[in-house]
Structure formats: C-alpha cells, structure tokens
Amino acid sequence: MSQLVLVAGDVIFREGDPGTCAYMVEFGEVEISTDGGTRLLSKLGPGDLFGEVAILDGGVRTATAVATGDTLLTTVAGEDLANRLANSDPVVVHLMKTVIRRQIRQSRGDVDTGLSASLTDRALLELRREREIREALERREFEAFFQPIVGLEDRVLRGYEALVRWRRSDGTLVSPADFLPVAERNNRIREIDLQILHQACRAAVDCLRRSPRAAASDLFVTVNFAPLHFRDHAIVDELQRALTATGLPARRLKVELTETALLESSDATISVINGIRALGVRVCLDDFGTGYSSLGYLHRFPIDTLKIDRSFVLAMMNGERGRKLLVAVLDMARALGFDTVVEGIEDEPVAVVLAKMGCALGQGYLFGRPMERSRMLASHRSL
Ligand code: C2E
Ligand code: CA
Ligand code: CA
C-alpha cells in the first residue's frame, strides 16, 4: 500500500490498461469516464473505492480515472486484495462482488453508490493503519517493554514479560490494543513478533551480563506469539535464529500463546509446540480462564506454564466456594506438571492469598509496570 498525490488532470488509469491495483480516495475528487473520456460515469470523493473490478475479475480497465483537483489516493495492490480474498469466506467474497457490481450499475446512472459512510470510514481507517504499521516496521518503531514476574512467596524477580509498544516519531507511545488487531488481520504481526523476540533476547543477554546475581539465577524472558505462528513450522527456525544471534540460552526464553492457537489445534500446532520445546524454549499458555480452557483438555498440549488471567482470579476470590475452586485449579495444574503464574496482581491482599494457595509466580502493577529497556537494565545495576 502506498499513497499517490495528484493534481488536476492527472490520469490514474485509462480504458484498456491492465488492472494492477485499487484506489481509495482520501482527499479530493476523481472522475470516472468511458468512451475516451466523453462519457462521465461518476464523480468520486473521500472514502470512495475504485479500480477494484479489474482486479476482482482479472481483466483490464473498462473506464478512465482522472483527478479533477488536488487529490490524495491510497493504493491497494491487486496482489494484496487477492490475498485478502483468498482468506475470506466465499459467501463474503460473492456478496462483495455483488455490491461492487450494483454500485457500478448505479454509478453509470449517476445514482448514489449505496455504500454506507461508516463502512467506507472503517475501511479507510484500516488501510491507513496498515500503511502506518508497515512504515513503523521499516523505521523500527516497535519497542519491547518489560514487566517483572516475581516469586509470590519471596518477591524475588524471576523473569520479565516483553510487551510491545509503538513509539511513534512524535514520541507518543501506542498500546498494543490500538494496533495489534489490524496487524493480525494483515499478517504484519509476524514481523512485529519477530522484532520484539530479538529485542527481548538481546535485552535479557544485556541484563545477564550486567548483573552477576541475574546470571546466577534462572532469570527468563517471555514473549507473546500470535496464534498464526503456531500453524507454521518456520517459527521454530526463527526462534533458533534469535537465540543464536543474541547468545541467549534457550532455557531462558519462554513463548506465550493464547488458547486461540490451541482451539484451531491440529497435529501441525502440536508439532510446532514440540519443535519449540525441543529447542529448550518453554511454552506458556496465556490468559487461562478467559476462554474455553479446561484443565482436562489441556493435558493434550505439551505446555510448561499456565498463566492465569486476572479476571479469573478476581472472580474466584469472591467467596469461600470460589477460593476452593481456585485452590483446586492450582492443585490440578501442579498435578499436570504446569508451573503457574497469576497476572494482573494489583493488590497486596490478593498476592498474599495466592501465595498461600501455592501459586508460585505473580505479575502485575503491584510488582512493577511494563518499563522500557533502559529502565529495566538500570534496575539491575542497583542490585
Ligand atoms: P497479555 O499478554 O495478557 O499481557 C498482559 C497485559 O496486562 C499487558 O497489557 C500489561 O500491561 C497488562 N497488565 C500488567 N499488569 C497489570 C495489572 O496489574 N493490572 C491490569 N489491569 N493490567 C495489567 P498490554 O501491554 O497493553 O498488552 C495487551 C495485550 O497485547 C497482551 O496481553 C498481549 O495479548 C498483546 N501483546 C503485547 N505485546 C505483544 C507482542 O509483542 N506480540 C503479540 N502477538 N501480542 C502482544
Ligand atoms: Ca502475555
Ligand atoms: Ca495474559
């Protein structure tokens, strides 16, 4: 995806040209015409999509598109559209083609396109975010922050979770919730996760070099991997590459996956997890208690650590019965050989109760917020 800046009279494409991409008007106006520009079909403005039919149908342009004033367009490559269509539900694709054809028929009669403003606004926003994410990856603006994970009994640091932040060129920090969903939809998440993986391994090595106490301990770093990694064995090689490039021992690295990765579970998923563990890297199931997970079904997966979600713990701590259930969950996790971490611990009383219940590790604002690498390293100098 890229942007095109045009002035009045600039031709975007002509009848008979091959269709290589579609366009979204961000600003300005575009006229679509046929018969050598003599027959005006429609005038398009901000939010309108055009040029997509030649791509959908694999044909040539059947009209000419010209900017009528200062105009800004976002281009969507045909290949990109084809990939999106290949990953879409066939019913949605059919509906989309029908809507587009109807839109064209209507526009030939110069009738309103019939596409709702909110739909085009959302599409435009998505395209803009995608472009920004691609540029941010090139400029290496994604940055790993580190949140401590401590022993609940002794409060000693045991490891860090690496959490991505987007540091924009103006210095503002963007939370993952504001860009990960788009990055997941267009597969950029793969590059983001790999950049964070390398940063996390490098930071852990720096930390071990700096602090003899950390080096003597079992200090680990854990990274979050999106579900799609677990469908592709190539991720095992990527992990090996990160370990080799940074010199981090495999036993000091953990990978967190969410249940979504397991729900789509196939032999391939299990084989990827086995491949990761064969490297000596441990695997942690994140957000336990927020989905459909039951310990019964978890025994099928070769997992080392269960990370119990904050909401699950808070719900369980409400009353004696809930407390007993939580004890039972922790006991069963132990019996199945999982380590347990509770995340999102904000209050001292919760930490004390969890420690009494036998939960080994904890993470949350009570022990420390996610911090940038330099602060994390500085905290080791003072140890
Ligand atoms: P998560 O993996 O469950 O990470 C824990 C989230 O809880 C983090 O939010 C963390 O800042 C927040 N948190 C930590 N302690 C507390 C606490 O005491 N109370 C409360 N209320 N929240 C706490 P964050 O950093 O905004 O990350 C959100 C989610 O984005 C993560 O949830 C994870 O699913 C995803 N994510 C973060 N970094 C990455 C990454 O590098 N790759 C991928 N694929 N996903 C990531
Ligand atoms: Ca996590
Ligand atoms: Ca979590």
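Colleague: Which residues are the protein donors of the calcium ion (ligand 2)?

Modeller: This is a predicted model, in which local features need pLDDT of at least 70 and side-chain atom pairs count only at pLDDT 80 or more, while totals for chains, interfaces and linings use all residues. Residues are numbered from 1 along each chain as its sequence is written, chains are lettered from A and ligands numbered from 1 in the order in which they are written, and side-chain values use heavy atoms, with hydrogens and water left out. Donors are N, O and S atoms within 2.8 Å of the metal (3.2 Å for Na, K and Ca); water is not among the atoms, so sites may look incomplete. Here E161 (OE), N224 (OD1), E256 (OE) and D286 (OD) lie 2.2 to 2.3 Å from the calcium ion (ligand 2). The calcium ion (ligand 3) is 4.1 Å from the calcium ion (ligand 2), and D286 coordinates both. N224 belongs to strand β12 and E256 to strand β13, so this pair ties together parts 32 residues apart in sequence. Strands (E, at least two residues) and helices (H or I, at least four) are DSSP runs, numbered from the N terminus.

Colleague: Are N224 and E256 buried or exposed?

Modeller: Buried means under 20% relative accessible area, exposed over 50%, and partly exposed in between (1.4 Å probe, protein chains only). E256, at 2%, is buried, whereas N224, at 25%, is partly exposed.

Colleague: Which residues are closest to the centre of the second largest pocket?

Modeller: On a 1 Å grid over the protein atoms alone, a pocket is an open set of points where a 1.4 Å probe fits, with protein on both sides within 12 Å along at least five of seven lines; lining residues have an atom within 4 Å of a point. The second largest pocket holds about 790 Å³ of space, a volume being the space filled by probe spheres set on the points. Of its 33 lining residues, E161, L163, N224, D286 and D287 are the closest to its centre. Strand β10 supplies the largest share of the lining, five residues.

Colleague: How is a pair of aromatic rings described?

Modeller: By the distance of the centres and the angle of the planes. Rings of Phe, Tyr and Trp (its six-membered ring) pair if their centres lie within 6.5 Å; planes under 30 degrees apart count as stacked, over 60 as edge-to-face and the rest as tilted. The count comes to nine aromatic pairs. For F13 and Y23, the centres are 5.9 Å apart and the planes at 35°, so the pair is tilted.
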